[in-house]
Amino acid sequence: MAEGYSNRQIAELIHLAEGTVKNHISSILIKLGARYRTNAVLRAVREGILG
């Protein structure tokens, strides 16, 4: 997600269904209190979750 990949691209990379990736990303957004993927990535960087 931090690299700008779409749900489909992430699913292909990690060998999961696209719907599963979508569900995981939704959970990430909720846990980080973010409305958009970009906000989630920025928050994760600020919180030290991402390098």
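Guide: Just after helix H3, glycine 48 takes a positive phi of about 80°. Please keep in mind throughout that this is a predicted model.

Visitor: Where is histidine 15 found, and what makes it buried or exposed?

Guide: Histidine 15 is found in the loop between H1 and H2. Its relative accessible area is 70%, and the label exposed requires over 50%, so histidine 15 is called exposed.

Visitor: Why is asparagine 7 called buried?

Guide: The relative accessibility of asparagine 7 is 14%, and buried means under 20%, so the label applies to asparagine 7. This residue is found in helix H1, which comprises residues 7-14. Leaving aside its neighbours within four places in sequence, asparagine 7 is in contact with Glu18, Val21, Lys22, Ile25 and Arg37.

Visitor: Which other residues of H1 are buried, and how do you know on which side of H1 they lie?

Guide: The buried residues of H1 are Asn7, Ile10 and Ala11. They cover an arc of only 100° around the axis, and therefore they are on the same side of H1. On the other side of H1, Arg8, Glu12 and Leu13 are exposed, whereas the buried residues of H1 pack against H2 and H3.

Visitor: How do you know that the length of helix H2 agrees with what its 15 residues should span?

Guide: Helix H2 runs over residues 18-32, and at 1.5 Å a residue its 15 residues should span 21 Å, the expected span being 1.5 Å times one less than the number of residues. The end C-alpha atoms of H2 are 21 Å apart, so the two values agree.

Visitor: What makes the buried residues of H2 line one face?

Guide: The residues in question are Val21, Ile25, Leu29 and Leu32. Seen down the axis of H2, these buried residues fall within an arc of 75°, and therefore they line one face of the helix. On the other side of H2, Asn23, Ile30 and Lys31 are exposed, while what covers the buried residues of H2 includes H1 and helix H3 (37-46).

Visitor: How do you know on which side of H3 its buried residues lie?

Guide: In H3, Ala40, Val41 and Ala44 are buried. They cover an arc of only 95° around the axis, so they are on the same side of H3. Thr38 and Arg46 are exposed on the other side of H3, and what covers the buried residues of H3 includes H2.

Visitor: What makes arginine 46 exposed?

Guide: Arginine 46, which lies in helix H3, has a relative accessible area of 63%, and exposed means over 50%, so arginine 46 is called exposed. The C-alpha atoms of arginine 46 and isoleucine 14, which are 32 residues apart along the chain, are separated by 25 Å.

Visitor: How many salt bridges does a search of the whole structure find, and why is the pair of arginine 8 and glutamate 18 called one?

Guide: The search finds two salt bridges. In the pair formed by arginine 8 and glutamate 18, the closest N and O atoms are 3.4 Å apart, and the definition requires them to be within 4 Å, so the pair is called a salt bridge. The pair links distant parts of the chain, with arginine 8 in helix H1 and glutamate 18 in helix H2, ten residues apart. The side chains of glutamate 47 and arginine 43 also meet in a salt bridge, at 3.7 Å from N to O.

Visitor: Why are glutamate 18 and arginine 43 called partly exposed?

Guide: Glutamate 18 has a relative accessible area of 34% and arginine 43 has a relative accessibility of 32%. Buried means under 20% and exposed over 50%, so glutamate 18 and arginine 43 are called partly exposed.

Methods: Residues are numbered from 1 along each chain as its sequence is written. Side-chain values use heavy atoms; hydrogens and water are left out. Helices (H or I, at least four residues) and strands (E, at least two) are DSSP runs, numbered from the N terminus. Buried means under 20% relative accessible area, exposed over 50%, partly exposed in between (1.4 Å probe, protein chains only). Contact means heavy atoms within 4.5 Å. The arc is that of the directions from the helix axis to the C-beta atoms.
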